[in-house]
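Okay, everyone, thanks for coming. Let me put the model up, and then I'll talk you through a few parts of it.

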Amino acid sequence: MAGRFAPRPARTPVRGGQAAAPAGIPRRAPAPARVRTWVPDGPLDLALVLGPLRRGPGDPTFRALPDGSVWRVSLTPAGPGSLRVTRWSGGIRGEAWGPGADWLLERLPDLLGAADDPSPFVPRHKLLALTRHRRPGLRLTRTGLVLESLIPSVLEQKVTTGEAYRAWRLLVRKYGEPAPGPAPERMAAMPAPRTWALIPSWEWHRAGVDDKRAATVLRAVRVAARLEEAVGMPPAAARARLELVPGIGPWTSAETVQRSHGAADAVTVGDLHLPGIVGWALAGDRHADDAVMLSLLEPYAGQRHRATRLILLSGRVPERRAPRMPYGDIGRL
């Protein structure tokens, strides 16, 4: 029998889901980064601008490091890409790896708020004027990607943020694309639409996602191309297209276009806490509902999302008087 069969390759230990290189063979170095530098036309706070893209402390697609750099991993139309954004002498330096590197660098200024124009915003309340003065680096990000904001927003429907963040973390780590380049450990791009569609029902259950939210994600990824086209539409038209998908309502569409389009007027309606926060900050009314919130924000028409961001950054929120929403994990059932 000798010589009739090729010898079996030596088995390699597996760590973290990836085969370790055999002893004595150096690991392949990541491809050189593509680099772009950009100088903003005013103050820019990276944490404030990019913070809304972070879905919890363990988000596999987002990492802020102690050195001040921010890492993002995205599934772009050209493929997965890793982006590292840092302060650079006189401006911002972006380094990108992977098939989506050029796409990410081309849109780096928009990601950092270059397309955002805060000049129409005129504060009519002392709290907003003071907060804007203290936070001059606030800009509204524009990612140019719809699904990467839509899917985590769907996961956040009607549950605690902790439950939603856990579901996003588990599903992206298990089914996402590995982060290209020297990205920090355990970072990944979100799964492609077809991969989302093939996730078994029991994996949604283990991640704590009920059938209603899972079905909404599945309906959205079936028309992923049509939804991504919405990035070229005005925010109102984009929201109308998103809301054609059953399970996507005003709350979810607003949370999406705030990030994908940098929509300055997309106020979130239907939120459990936001009306009370806005009512308390602007009128001392902790029991305000959506109608009261919208009336208080009417002077900021066209800039209502910016106004709510400033209110949230002010730290002026009413004291909690009710128990926290109970944490439910259907994966344990």
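So, to start: what percentage of the residues of the chain count as buried? It's 47% of the 333 residues, with buried meaning under 20% relative accessible area, exposed over 50% and partly exposed in between, using a 1.4 Å probe and protein chains only.

Quick housekeeping. This is a predicted model, where local features need pLDDT of at least 70 and side-chain atom pairs count only at pLDDT 80 or more, while totals for chains, interfaces and linings use all residues. Residues are numbered from 1 along each chain as its sequence is written, and side-chain values use heavy atoms, with hydrogens and water left out.

Overall, we've got 15 helices and nine strands; those are DSSP runs numbered from the N terminus, helices being H or I with at least four residues and strands E with at least two. The chain exposes about 17,600 Å², and carbon and sulfur atoms supply 54% of that (Shrake-Rupley method, 1.4 Å probe). Take the contacts between residues at least 6 apart in sequence: 66% of them join residues at least 24 apart. Contact here means heavy atoms within 4.5 Å.

Now look towards the end of the chain, at helix H15, residues 304–314. Eight of its 11 residues are buried, so this helix is mostly covered. Among those buried ones are Arg 304, Arg 306 and Arg 309, along with His 305. What do the buried residues of H15 pack against? That would be helices H1 (46–50), H4 (126–134), H12, H13 and H14.

The axes of H13 (274–283) and H14 (290–297) come within 9 Å and cross at roughly 45 degrees, and that makes H13 oblique to H14. Oblique is what's left once you take out under 35 degrees (roughly parallel), over 145 (roughly antiparallel) and 65 to 115 (roughly perpendicular). On the H13 side the contact includes Leu 274, Val 278 and Leu 282, and on the H14 side Met 293 and Leu 296 are among the residues involved. Its residues divide into eight nonpolar, one polar and one charged (Ala, Val, Leu, Ile, Met, Phe, Trp, Tyr, Cys and Pro count as nonpolar, Asp, Glu, Lys and Arg as charged, the others, Gly among them, as polar).

Last one: Glu 255, in helix H12, residues 250–260. It counts as buried because its relative accessibility is 11%. Leaving aside neighbours within four places in sequence, Glu 255 touches Ser 153 and Thr 268.

Key: Axes fitted to C-alpha atoms, helices over the stretch in contact; angles between N-to-C directions.
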